[in-house]
Amino acid sequence: MTLPLDLLTFSLLSTVRNPFPMPDHVVTRFAPSPTGYLHVGGARTALFNWLWARRSGGTFLLRIEDTDQKRNTPTATQQVIDDLTWLGITWDEGPQKGGPQGPYFQSERLELYDGHVQRLLDEGKAYYCFETTQELDARRKEAEAKKQGFIYRRPPQLPSEQEAADARAAGRPVTVRFAIPQDQTILVSDLVRGDVRFEASEIADFIIRKNDGFPTYNFACVVDDFLMKVTHVIRGQEHLNNTPGQQVLWTALFGGDSLPKYVHMSVTVSDAGGKLSKRERPKALLTAIKKMQDVDLVRLAQAGRISAEALRGFLDKKSTPDMPSVDAMAAFLGLHLPEINVVDFVKSGYLPEAMINFLALLGWNPGDDREIMGLEELIQAFDLDRISKSNSLFDRNKLVAFNTEHMRKVGKETLRRHMRAYLERAGSPVQKADDALLGRIIEMCDGARTLADIEAKLRFAFVEDDEVRYDPKSVKKVLRKVGAMECLALVRDKLAQLDHFTEEALEGLLRGLAEQKEVGLGKVAQPLRVAICGSNVSPSIFDSVKLLGKESTLARIDNTLKKFGDE
RNA sequence: GGCCCCAUCGUCUAGGCAGGUCUAGGACACCGGGUUUUCAACCCGGCAACAGGGGUUCAAAUCCCCUUGGGGCUACCA
């Protein structure tokens, strides 16, 4: 007796003429909800949509899904816009740009949704619902106790408009649910998953309009994707289970012919387990604090600009401070938290070119051995059918390697531009360098892995002589070595006699000295390096001394001799 | 609990749909060596995988089933 099912499946399949016809004009969208910073998972989704639109000469649009009045944060939209802009992902229609299907904020499209809700209501395809959240929770718990799933289904008699009005007058919550047509198998044809079947009986009559009059995600996204003529819905796999419901809703609203192609990409998972989440940073901070001893909680709370109670709540896992507080506390403790949000990567000194390249390869590949690719190359190579099905882990090591390669690949001018922006954001003293100088000193750092590395290497030359911070490890490793201070004193005398600090002169002087003492250059160069830089990480010793100039070099050597000489 | 997705080196992955050419390729990480004025970069070499079981077949990483494992969803969140 399997015949009926087979027949049903067949009839569903046969209504689709060509499963994957290529639309004339591709339209993709990125539809974030403004609840905080854009994180890498979101950036990857945006990128894939963008890449596909660019590849196929289509349109990419940005739509802000601000339908949750409780969770929206006022600055989030701007943050998302900033982050996409930094990445170089530009939209053809959306906020700040407008477009024929605007507005692009869902909160400004309420009337539009209402019209469609009313239509469904009138056609008996949707119905009013008056339960409170508490009542629903109770029913859910009850089902759970019986080890059953809770699937909301319409009552035999649908409430009338009058009853809805009465309920509203009585102060009851009034929501609208979509009545999922029963007794059918819903076939979702996904471009990367293939055909996925769902039983209608397993899909609840989901809410399409909340009590506050706002649409839910599952409703607004269907209406907007249709109105905005979206042809490809490319999103994370976490939406696959929403798709049958959305598809049935779409069909009820607009008919099945206009259905978009669905592309559900794998989820990016964290090395901490589970999908990469914004909660990881506070979690990492908490773990680190617990591991540390003698943490000054009063000062920590001050650093994070939170109250003592708030900090206690955080330590007891009862509450989580906001991101700026988390960042500030991590900075106070000298911790490096895992980057999650796009801004985290900006602050850590990554290049957008490297981010884009890395993100593109997370769940996609060009089919050959190419890995380091520029934007144009990615666009040319991109194709939906090379998106992989399995989840991928976000590996920061590989990102660093990509960044190192792109630091060379982008070219001097671009690198200098990125560096300038990085320095300004970080408020680094290296900002004092003009463009010509900045260009020259960046070249001294060839092979650096991030912009932060370059900054760290160059910083010494832009602080006052008495502001040099001496890294204890470097001091121990270099200055405390037998003979180091004597050697440094000798170097000081020689340098004092040198009039012109050119590279050749310095090299001649230091190499000559090493030869004369029958030691390697390192014996001479290292104490000098630590004396002027405060650390054993700097550009070449000749570059470093020349950059600093005679006066400062001598002053810093004297400071060092005084400070570490007689200990 | 229910439903859905996924499964190749530690990690990202090629190969899978059109089974033999796969003693499974590349990259990152790691280990060893080289270069060297530090860090980094760079060069050479090495380690390392088809989750398990059953089928189908002359032949399975590749097709089918089961088990196991991982992930997602199960909201008046998106």
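Biologist: How many disulfides does a search of the whole structure find?

Modeller: Zero, across the whole structure. Bear in mind that this is a predicted model.

Biologist: Okay, take Cys-533. Which cysteine sulfur is nearest to Cys-533, and how far away is that sulfur?

Modeller: The nearest is the sulfur of Cys-445, at 11 Å. A disulfide needs the two sulfur atoms within 2.5 Å, and Cys-533 is in none.

Biologist: Is Cys-533 buried or exposed?

Modeller: Buried, with a relative accessible area of 10%. Cys-221 is buried too, and its relative accessible area is 0%.

Biologist: Let's switch to the RNA. Which residues come nearest to RNA strand B?

Modeller: There are 69 residues around RNA strand B, and the ones that come nearest are Thr-67, Arg-193, Glu-371, Arg-408 and Arg-449.

Biologist: And what kinds of residues make up that surface: how many are nonpolar, polar or charged?

Modeller: The surface near RNA strand B has 27 polar residues, 25 charged ones and 17 nonpolar ones.

Biologist: Can you show me a phosphate example? Which residue has a polar side-chain atom 2.7 Å from a phosphate oxygen?

Modeller: That's Lys-210, and the phosphate oxygen belongs to RNA strand B.

Biologist: What about the bases?

Modeller: Asn-242 has a side-chain N or O atom 3.1 Å from a base nitrogen of RNA strand B.

Biologist: Zooming out, how many helices and strands does chain A have?

Modeller: Chain A has 25 helices and eleven strands.

Biologist: And what is the radius of gyration of chain A, against that of a compact globule?

Modeller: Chain A comes to 31 Å, whereas a compact globule of 567 residues would be near 24 Å. Along the principal axes, its C-alpha atoms fill a box of roughly 100 × 55 × 45 Å.

Biologist: How many of its residues count as buried?

Modeller: Of the 567 residues in chain A, 49% do. As for contacts with a separation of 6 or more, 76% are between residues 24 or more positions apart.

Note on methods. Residues are numbered from 1 along each chain as its sequence is written. Chains are lettered from A and ligands numbered from 1 in the order in which they are written. This is a predicted model: local features need pLDDT of at least 70, side-chain atom pairs count only at pLDDT 80 or more; totals for chains, interfaces and linings use all residues. Side-chain values use heavy atoms; hydrogens and water are left out. Buried means under 20% relative accessible area, exposed over 50%, partly exposed in between (1.4 Å probe, protein chains only). A residue is near a molecule or strand if one of its heavy atoms lies within 4 Å of it. A polar contact is a pair of N or O atoms within 3.5 Å; within protein, one must be able to donate a hydrogen and the other to accept it, and residues adjacent in sequence count only if both atoms are side-chain atoms. Ala, Val, Leu, Ile, Met, Phe, Trp, Tyr, Cys and Pro count as nonpolar, Asp, Glu, Lys and Arg as charged, and the others, Gly among them, as polar. Helices (H or I, at least four residues) and strands (E, at least two) are DSSP runs, numbered from the N terminus. The radius of gyration is taken over C-alpha atoms; the globule rule is 2.2 Å times the number of residues to the power 0.38. Contact means heavy atoms within 4.5 Å.
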